[in-house]
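Work through the exercises below with the sequence and the model open. Each task is followed by a solution in steps.

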Amino acid sequence: MSVRTAGPSRSDLVADTALALLAERGMRGLTHRAVDEAAALPQGSTSNLARTRQALLELAVRRLADREARVLALHEMPDPAAGTGSLADALALAAHRALTNNRALTLARYELALEATRRPELRAFFDATGARFRDQLTALVTGMGSTDPARHTLSLIAWADGLMFSCVAGSFGADTPSLEEVRAGLRELLEGMLGG
């Protein structure tokens, strides 16, 4: 009896390849044929799995959410009783991972986010997949005594997204801040919102 090692599913392979193509070539470079070629799949394989462009984009967004959940390490977020310093540490680690080892994944996310501004059906799907991090962050700041959890969550996400966009695709693209620099910025922001 031969033992077959489990590799990624065909769906994960197609989605991972789509994300890599988005980071490398942008939205115009993402086609069913390009995914087949880059993944070394027989022609038509991607179309069999995701018939339309919308289906392919949804597959990529779903996989993006799964992979980003690991990058953001939602299971590592601290108990609210641990204080703002612990939350700053956890969020800084997550943001730094996105800026360094997962830079291409972060770039693919921005490509998909921009495409979602032109495709309402993708926007709804994209927003729904991002809700789990937003909801967990809202629960954390609520548990830490936030007087306006929705506004504070928006401020934290906007700060982190702004940092990541600036350093991955913006004018600070050549400058990746250190983990300590990211942590310092988050501590300042959290202490201003929630107190020390």
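**Exercise 1. How much space lies in the largest pocket?**

The model is predicted: local features need pLDDT of at least 70, side-chain atom pairs count only at pLDDT 80 or more, and totals for chains, interfaces and linings use all residues. Residues are numbered from 1 along each chain as its sequence is written, and side-chain values use heavy atoms, with hydrogens and water left out.

Step 1. On a 1 Å grid over the protein atoms alone, a pocket is an open set of points where a 1.4 Å probe fits, with protein on both sides within 12 Å along at least five of seven lines; lining residues have an atom within 4 Å of a point. Points are joined across faces, edges and corners, and the volume is the space filled by probe spheres set on them.

Step 2. The largest pocket holds about 770 Å³. Among its 37 lining residues, Arg109, Gly130, Phe133, Ile157 and Asp161 are the closest to the centre.

Step 3. Helices here are DSSP runs (H or I, at least four residues), numbered from the N terminus. H4, H5, H6, H7 and H8 each give two or more residues to the lining, and the largest share, 10 residues, is from H7.

**Exercise 2. Which residues of the largest nonpolar core touch the most other members?**

Step 1. Such a core is a set of buried Ala, Val, Leu, Ile, Met, Phe, Trp, Tyr and Cys residues joined through side-chain atoms within 4.5 Å. Buried means under 20% relative accessible area, exposed over 50%, and partly exposed in between (1.4 Å probe, protein chains only).

Step 2. The core has 58 residues, and Leu19, Leu30, Leu87, Leu91, Leu112 and Leu156 touch the most other members.

Step 3. Take Leu91: leaving out residues up to four places away in sequence, its contacts (heavy atoms within 4.5 Å) are Met77, Phe133, Leu137, Leu156 and Leu186.

**Exercise 3. Which residue forms a salt bridge with Arg63, and is Arg63 buried or exposed?**

Step 1. A salt bridge places a side-chain nitrogen of Lys or Arg within 4 Å of a carboxyl oxygen of Asp or Glu. The whole structure has 15.

Step 2. The partner of Arg63 is Asp16, with the closest N and O atoms 2.7 Å apart. This pair links helix H4 to helix H1, 47 residues apart.

Step 3. Arg63 counts as buried because its relative accessibility is 14%.

Step 4. Arg67 also meets Asp16 in a salt bridge, at 3.1 Å, N to O. Arg67 is partly exposed, at 24% relative accessibility.
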